[in-house]
Amino acid sequence: MVKERYECIVCGRKFPKGQGIVIDIGGKLYTFHSKSCALKFLRRAIEEIEPSHIIKAFDKISNEFRKEREERQALRSKSI
């Protein structure tokens with residue numbers, strides 16, 4: 001039985017399937033052996049993207065998280 005292994009695109013370290021971080025975007029896999037390698041890659045990727053696109057996406061995502069947080073807080077306050 002051969003275990004499927006990935007290679008970290010940042011540091012080159014090999015790791016087994018089920019560990020690390022694997023991001024599939026448009027059928028292309030981006031594999032990272034640790035969160036520090038993933039963060040290093042994503043920071044550099046963000047620097048390459050047009051700032052207006054990043055701001056729009058970040059605003060949308062932060063609003064979604066804020067709404068989720070408010071909903072959780074409302075559920076906790078109603079259970080008295």
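Me: Which helix is I54 found in?
Reply: This is a predicted model, in which local features need pLDDT of at least 70, side-chain atom pairs count only at pLDDT 80 or more, and totals for chains, interfaces and linings use all residues. Residues are numbered from 1 along each chain as its sequence is written, and side-chain values use heavy atoms, with hydrogens and water left out. Helices are DSSP runs of H or I with at least four residues, strands are runs of E with at least two, and both are numbered from the N terminus. I54 falls in the run of residues 51-78, which is helix α2.

Me: Does I54 count as buried or exposed?
Reply: Buried means under 20% relative accessible area, exposed means over 50%, and partly exposed is in between (1.4 Å probe, protein chains only). I54 has 14% relative accessibility, so the label is buried.

Me: Which residues is I54 in contact with, leaving aside its neighbours within four places in sequence?
Reply: Contact here means heavy atoms within 4.5 Å. With those sequence neighbours set aside, I54 is in contact with I46 and I49.

Me: Where is E7 placed?
Reply: E7 is partly exposed, because its relative accessibility is 43%. Its place is in the run of residues 5-7, which is strand β1.

Me: Which side chain makes a polar contact with the side chain of E7?
Reply: A polar contact is a pair of N or O atoms within 3.5 Å; within protein, one must be able to donate a hydrogen and the other to accept it, and residues adjacent in sequence count only if both atoms are side-chain atoms. Beyond four places in sequence, E7 is in contact with G12, R13, K14, F15 and T31. The side-chain polar contact, at 3.1 Å, is with K14.

Me: How many Å lie between the backbone oxygen of E7 and a polar atom of the side chain of T31?
Reply: T31 is in strand β4 and is buried, because its relative accessibility is 6%. Not counting residues up to four places away in sequence, T31 touches several others, including Y6, E7 and C8. From the backbone oxygen of E7 to a polar atom of the T31 side chain, the distance is 2.5 Å.

Me: Which residues make up the largest nonpolar core?
Reply: In soluble globular proteins, nonpolar side chains tend to be buried together. A nonpolar core is a set of buried Ala, Val, Leu, Ile, Met, Phe, Trp, Tyr and Cys residues joined through side-chain atoms within 4.5 Å. The largest one here has 6 residues: Y6, C8, F15, F32, C37 and A38.

Me: How many disulfides does the structure hold?
Reply: A disulfide is a pair of cysteine sulfur atoms within 2.5 Å. The closest cysteine sulfur to that of C11 is in C8, and it's too far for a bond because the two are 3.7 Å apart. C37 also has C8 as its closest partner, and 3.7 Å is again too far. The total number of disulfides is 0.

Me: Which residues is C11 in contact with, leaving aside its neighbours within four places in sequence?
Reply: C11 sits in the loop between β1 and β2 (14-16), and at 42% relative accessibility it counts as partly exposed. C37, by contrast, is buried, with a relative accessible area of 6%. Beyond four places in sequence, C11 is in contact with H33 and C37.

Me: Which residues form one aromatic cluster?
Reply: Rings of Phe, Tyr and Trp (its six-membered ring) pair if their centres lie within 6.5 Å, with planes under 30 degrees apart counted as stacked, over 60 as edge-to-face and the rest as tilted; the structure holds 3 such pairs. Y30 and F41 have ring centres 5.9 Å apart and planes at 40°, so that pair is tilted. F32 and F41 are tilted too, because their centres are 5.2 Å apart and their planes are at 50°. The cluster is formed by Y30, F32 and F41.

Me: Which ring does the charged end of K28 sit over?
Reply: A charge sits over a ring if NZ of Lys or CZ of Arg is within 6 Å of the ring centre and within 35 degrees of the ring normal. The charged end of K28 is 5.4 Å from the centre of the ring it sits over, that of Y30.
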